[in-house]
Amino acid sequence: TNNHVVDGSRTLTVTFADGTSMEANIKGTDADYDLAVIAVPMSELSDETMDAITVATLGDSTKLSIGEPAIAIGNALGYGQSVTTGVISAIDRESTTVDETTGETVASGVKLIQTDAAINPGNSGGPLLNIRGEVIGINSNKIAVSSVEGMGYAIPISDVHEIIEDLMSKETRLKVAEDKQGYLGITGVNVVAEYVELYDAPEGVYVSSVMEGTGADEAGLVRGDIITAINGEKVSSMDELKEELSYYEAGTTIEVTIMQGSPTGYQAKNVEIKLGRQSRTQ
């Protein structure tokens, strides 16, 4: 599915073709490509549900031609499974995002398939199929303004096949109850785009202060450090930092990747931090 579908969620539910539902958990996400892989315990699925499931066949999005048929499947407006048809309108459309701080439109570098098959809210994460029923893309976003119609977008499946396989291989993680979650012991702010460009700083969370006696303090974190990853998972904002920490209980020791300033630029360093329970810190 899409990262924006699961981002910030406390619980996830998957409903299968036979109408049964089951709680799911996130295996991994990739915000740059707006991808997420979620999982359910197969041992808990009934034989009837397993019989109702058909595994989709992946196609080759590198062989698409403009004008060939496209079929979008999803859950439009939350009414239930829906199917819309159209054609491939364009390939290699560049995705853009709006910087929340500056309001500037920034090219993301992600290439998308454009189709006139209707893609509405609820279709996100569903497959875009070719005429043979093969998955050629993952429906992602839509230009949704009154003056624009028939411009839907999908992530090309061939571009992200390896990313999906990597996310699938990750261990399924369960979120920890909020009152049991661990905290680093820092306050921080996002490293915004202009600082990345002006000062050649890495994306991440700038440490504004470190609380005395906390795990972060004992590990040697100081004001000015930039947190870029937790246990190898990229962290580029406070929201992502909080999301990542929601999987760890207080008392857990995690590996935090920080970038520290030096006369020759920022240097990467991995430190082990034992998470505490300080409710007013991150």
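**Helix α6 and the overall picture**

In helix α6, which runs over residues 238-245, the buried residues are Met238, Leu241, Glu243, Glu244 and Leu245, where buried means under 20% relative accessible area, exposed means over 50% and partly exposed lies in between (1.4 Å probe, protein chains only). These buried residues of α6 pack against β10, β11 (205-210), β12 (226-230), β13 (233-234) and β14 (253-260); helices (H or I, at least four residues) and strands (E, at least two) are DSSP runs numbered from the N terminus. The model is predicted, so local features need pLDDT of at least 70 and side-chain atom pairs count only at pLDDT 80 or more, whereas totals for chains, interfaces and linings use all residues. Residues are numbered from 1 along each chain as its sequence is written, and side-chain values use heavy atoms, with hydrogens and water left out.

**Overall make-up**

- The secondary structure of the protein comes to six helices and 15 strands, and the C-alpha trace spans about 60 × 50 × 30 Å along its principal axes.
- Of the 282 residues in the protein, 38% are buried.
- Among contacts with a separation of 6 or more, 57% are between residues 24 or more positions apart, a contact being heavy atoms within 4.5 Å.
- The protein exposes about 15,800 Å², of which carbon and sulfur atoms supply 47%; accessible areas come from the Shrake-Rupley method with a 1.4 Å probe, and for residues only the protein chains shown count as cover.

**Charge and surface patches**

- There are 18 positive and 43 negative side chains in the protein, and the centres of the two sets lie 4 Å apart; Lys and Arg count as positive and Asp and Glu as negative, while His and the chain ends are not counted, and the place of a charge is taken as NZ of Lys, CZ of Arg, CG of Asp or CD of Glu.
- A patch of negative charge on the surface gathers Asp18, Asp47, Glu48 and Asp51; patches are made of residues with over 30% relative accessible area and no salt bridge, with like charges joined within 9 Å and nonpolar side chains (Val, Leu, Ile, Met, Phe, Trp, Tyr) within 5 Å.
- A nonpolar patch on the surface is formed by Met42, Met50, Ile53 and Val55, which together have about 390 Å² of accessible area.
- Ile53, a member of the nonpolar patch, is found in the loop between α2 (47-52) and β4 (69-74) and is partly exposed, with a relative accessible area of 34%.

**Salt bridges**

- The structure holds six salt bridges, each defined as a side-chain nitrogen of Lys or Arg within 4 Å of a carboxyl oxygen of Asp or Glu.
- Side chains of opposite charge can pair when their charged atoms come close.
- Glu243 and Lys175 meet through their side chains in a salt bridge (3.0 Å, N to O); because Glu243 lies in helix α6 and Lys175 in the loop between α3 and β10, the pair ties together parts that are 68 residues apart in sequence.
- In this pair, Glu243 is one of the buried residues of α6, whereas Lys175 is partly exposed, with a relative accessible area of 22%.
- A salt bridge also joins the side chains of Asp32 and Lys234 (3.8 Å, N to O), linking distant parts of the chain, with Asp32 in the loop between β2 (21-30) and β3 (35-39) and Lys234 in strand β13, 202 residues apart.
- Asp32 is exposed, with a relative accessible area of 53%, while Lys234 counts as partly exposed at 48% relative accessibility; Asp32, Glu203 and Lys234 are linked in a network of salt bridges.
- Arg132 forms a salt bridge with Glu134, their closest N and O atoms being 3.4 Å apart; Arg132 is exposed, with a relative accessible area of 61%, and Glu134 counts as partly exposed at 21% relative accessibility.

**Buried residues in loops**

- Gln181 is found in the loop between α3 (157-168) and β10 (186-190) and counts as buried at 10% relative accessibility.
- Not counting residues up to four places away in sequence, Gln181 touches Arg10, Val176, Leu245, Ser246, Tyr248, Glu249, Ala250 and Gly276; one of these, Leu245, is a buried residue of helix α6.
- Asn123, in the loop between β6 (105-115) and β7 (127-129), is buried, with a relative accessible area of 2%.
- Leaving aside its neighbours within four places in sequence, Asn123 is in contact with Ile73, Gly74, Asn75, Ala76, Ser82, Ala118 and Asn139.
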